[in-house]
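I opened the model to look up a few contacts and pairings. My notes follow in the order in which I checked them.

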Amino acid sequence: MSDPAVRLSGLRKSFGAVHAVTGVDLDIADGEFFAMLGPSGSGKTTVLRMIAGFETPTSGTVELGGADVTRLAPFERDVNTVFQDYALFPHMSVLDNVEYGLRVKRVPRAERRERALAALASVRLEGYERRRPGQLSGGQRQRVALARALVNRPRVLLLDEPLGALDLKLREEMQVELKSIQREVGITFLFVTHDQEEALTMSDRVAVFNEGRVEQVGTPAEIYERPSSAFVAGFVGTSNLISGEAAQAVLGKEGTFSVRPEKLRVTGLGEPVDGAEHSATGTVSEVVYAGPATRFVVELDAGGRLIALQQNLQVSSMDVMSLRGTRVRLVWHRRHEFAIVS
Amino acid sequence: MNTTANTTPPGPPPPAAPGAAPRGAAAPAPGGPRRRLAAFLHRHAPLRLSLLLSAPMLWLGVAYLGALAAMFISALWRTDTFTGDLVRELTWANFQELLTAEVYRTIALRSVGVAAAVTLIDLVVAFPMAFAMAKLASPRAQRWLVIAVLTPLWASYLVKAYAWRVLLSADGLLGWGYGLTATIITLSYLWLPYMILPIYAGLERLPNSLLEAAGDLGARGWRTFRTVVWPLTFPAVVAGSIFTFSLSLGDYITVKIVGGRSQLIGNVVYDNIGAANNLPFAAAVATVPVLIMLAYLAAVRRTGALENL
């Protein structure tokens with residue numbers, strides 16, 4: 001087994017009395033597309049900055065490909081960063097921006113030009129070489145920042161909220177594009193995001209951050225289907241908790257359990273329930289029509305509330321809106337409910 | 001019963017507009033004369049702008065440009081050699097004298113040299129200081145440093161110049177004596193805040209991420225400075241240099257206090273107004289720094305720095 005691309009051991013960082021990172025251990029494999037997901041202030045960006053070398057850890061180590069780089073300056077590390085604000089040099093052309101790292105490393109002129117043009121082509125920006133960053137759109141700037149980092153063929157590419165400044169449409173396009181670029185170049189991508197959907201759709205594995213620690217590491221499916229804590233369940237999707245007396249009444253067991261909204265079926269009270277299924281009755285208190293799907297907020301008779309997401313396959317907005325206030329039965333398969341460790 | 005409630009609102013009736021013409025089309029500005037005036041100005045933006053600018057424009061036109069024009073015109077007059085009276089006849093004699101007399105050329109060149117030296121020294125001292133203030137100091141320390149830089153500006157120019165006189169005098173703390181070097185040192189001290197503050201403001205506007213990006217791409221400190229920091233703060237440096245250069249070029253007091261026997265353009269102007277009682281010649285000499293500054297501004301304009309100020 002070769003050394004992981006990135007290994008963080010016992011990583012901590014405090015700014016005065018503020019403990020931004022309180023003990024992070026992570027192994028990120030070569031060629032992995034890895035997401036660090038968490039709310040703002042959860043320490044994910046600080047971890048990224050410690051890997052890049054912009055911050056020095058209070059304690060713990062950062063290893064890149066087996067070598068300890070904890071005390072090295074950014075320019076001594078084989079990583080490159082795509083900054084949240086892109087940080088393109090405004091006084092240089094697009095080509096000069098992309099060539100910057102190669103020029104610093106004294107790559108001969110001809111090779112430099114060739115590699116920069118290839119990098120710009122890989123992000124579909126041929127013909128923009130002479131432009132200034134100020135003359136580009138947000139999406140184009142983002143791709144220049146990507147080309148400027150990738151052209152150096154770093155061991156690890158760090159991306160700090162790379163799509164945060166883009167509008168929804170562009171963001172969805174770039175999600176697909178980033179993924180395909182990563183597959184092409186085969187470089188380890190490590191990116192920070194607070195957008196759970198972005199983390200789930202793009203990455204091979206996700207680390208969920210909360211209050212300076214990693215709550216859970218796993219594939220998107222593991223994180224979503226089997227969240228290990230109430231925080232993960234709540235941050236990645238809707239938590240839908242059943243606990244206390246309601247858990248006793250509905251499930252017949254002690255503890256806190258969760259079912260994802262799309263796993264629930266909204267049926268009439270008289271519908272038959274399979275032996276492999278659980279069900280609970282309640283009253284629809286709120287109906288939120290969202291185009292392709294509708295969200296039902298159901299107050300359970302046993303206590304607590306569940307949110308159910310139903311695709312609008314056969315129904316119109318009129319049909320679903322009329323369901324407010326009606327009594328329903330929520331049905332789900334037992335294997336879709338999971339216990340939450342508190 | 002919603003519909004009836006909406007058509008006849010309960011509560012107090014709407015206030016009657018004074019002198020009310022039928023509401024809507026005819027009376028856009030109800031209320032007193034002040035309200036009407038405000039509304040009128042609101043609808044006539046160019047008029048509003050010119051009213052607001054009238055005082056400063058008057059000041060610029062009369063006090064500044066007018067005085068400058070008066071100076072240029074009086075530079076073309078002369079004084080009667082015997083009576084010392086002003087003779088209001090146009091002549092190039094003053095400028096001919098300026099251009100042909102060796103001593104004035106020497107003094108002009110010396111003044112430019114002093115101004116350039118002061119600018120250079122201030123730049124070398126101010127840049128690291130401004131960088132430390134803008135990029136390294138904590139926000140709290142930053143506030144204190146800005147105050148520390150500003151404080152000397154609140155003290156009298158004369159007090160500071162005399163303080164240097166005491167420091168530099170042969171039996172003073174430094175004891176380097178008076179002369180051109182002393183003048184350059186004192187002027188550098190006096191104008192230093194005018195160089196620090198624009199550079200500090202320029203560095204403040206420079207995003208930290210640009211510095212990090214350069215380091216991330218492999219550049220060390222000096223290279224980051226040369227390729228990123230310097231080109232992006234150059235307009236701020238030019239702004240600072242305009243202050244230090246023009247203030248030094250026009251100075252005549254510092255050189256009187258610590259300059260020993262050396263003379264700058266300002267002294268020539270001063271002596272001709274006072275002792276020599278030759279106002280037209282003083283005016284002619286005074287045009288020299290104005291022309292030098294215009295040439296300097298034209299030169300920095302070519303670098304594109306002024307557009308970024």
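Predicted model: local features only at pLDDT ≥ 70, side-chain atom pairs only at ≥ 80, totals over all residues.

Entry 1. Leaving out residues up to four places away in sequence, T287(B) is in contact with M71(B), F72(B) and F95(B); contact means heavy atoms within 4.5 Å. T287(B) sits in helix α13 (residues 279-302) of chain B; helices are DSSP runs (H or I) of at least four residues and strands (E) of at least two, numbered from the N terminus.

Entry 2. Residues are numbered from 1 along each chain as its sequence is written, and chains are lettered from A and ligands numbered from 1 in the order in which they are written. Local features need pLDDT of at least 70, side-chain atom pairs count only at pLDDT 80 or more, and totals for chains, interfaces and linings use all residues, while side-chain values use heavy atoms, with hydrogens and water left out.

Entry 3. I turned to strand β17 (residues 327-333) of chain A. How many of its 7 residues are buried? The count is 5, and the strand is mostly covered. Strand β14 (residues 277-290) of chain A runs antiparallel to β17(A), joined by 7 bridges; strands pair if DSSP finds at least two bridges between them. Here A280(A) is opposite L330(A). Strand β13 (residues 265-267) of chain A is also antiparallel to β17(A), with 3 bridges. I noted R329(A) as the bridge partner of T267(A).

Terms used
Buried < 20%, exposed > 50% of the residue type's maximum accessible area, 1.4 Å probe, protein only.
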